[in-house]
Amino acid sequence: MNTSQPNSSHPQLIKLRQVMKMTCLARSTVYKYCADNNFPKPIKLGERNVAWLESEVREWIEQKMFQRG
């Protein structure tokens, strides 16, 4: 089994840099939107380590595209 290829049946976690690249948002904006409940919350992986579910970030992007009309 090739572990380098993502499996669509398993949730994929992405780090802040990927979130910023996908959304074109700055670090501070990502965390502000999270605090305001306007963006998916990160999953705490450790004391100073978080990641986001890629599917939730993609869904947020799709919602923004839908909202523009």
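**Exercise 1.** At what angle do helix α1 and helix α3 pack, and how far apart are their axes?

*Solution.* The model is a predicted one, and the two elements to be compared in it are helix α1, residues 16–23, and helix α3, residues 54–67. Two packed helices are described by the angle between their axes and by the distance between those axes. For this pair the angle is about 20 degrees, while the axes lie 11 Å apart. Since angles under 35 degrees count as roughly parallel, α1 is therefore roughly parallel to α3. As to handedness, α1 passes α3 in a right-handed crossing.

**Exercise 2.** Identify the salt bridges and describe the setting of their residues.

*Solution.* Side chains of opposite charge can pair when their charged atoms come close. With a side-chain nitrogen of Lys or Arg required within 4 Å of a carboxyl oxygen of Asp or Glu, the count comes to two salt bridges. One joins the side chains of D36 and K32 at 2.7 Å, N to O; D36 is partly exposed at 38% relative accessible area, and K32 is likewise partly exposed, at 49%. In the other, the side chains of R58 and E54 meet at 2.8 Å, N to O. Because R58 and E54 are four residues apart in helix α3, about one helical turn separates them, and R58 is partly exposed with a relative accessible area of 43%.

**Exercise 3.** Which residues make the nonpolar surface patch of about 240 Å²?

*Solution.* The patch is made by L13, I43 and L45. Of these residues, L45 has its place in strand β2, residues 43–46, and L45 is partly exposed, its relative accessible area being 44%.

Note on methods: Residues numbered from 1 in each chain as written. Predicted model: local features only at pLDDT ≥ 70, side-chain atom pairs only at ≥ 80, totals over all residues. Heavy atoms only, no water. Patch = residues over 30% accessible without salt bridge, like charges linked within 9 Å, V, L, I, M, F, W, Y side chains within 5 Å. Areas by Shrake-Rupley, 256 points an atom, 1.4 Å probe, with all protein chains shown as cover. Buried < 20%, exposed > 50% of the residue type's maximum accessible area, 1.4 Å probe, protein only. Axes fitted to C-alpha atoms, helices over the stretch in contact; angles between N-to-C directions. Parallel < 35°, antiparallel > 145°, perpendicular 65-115°, else oblique. Left-handed = near helix turned anticlockwise from the far one by under 90°.
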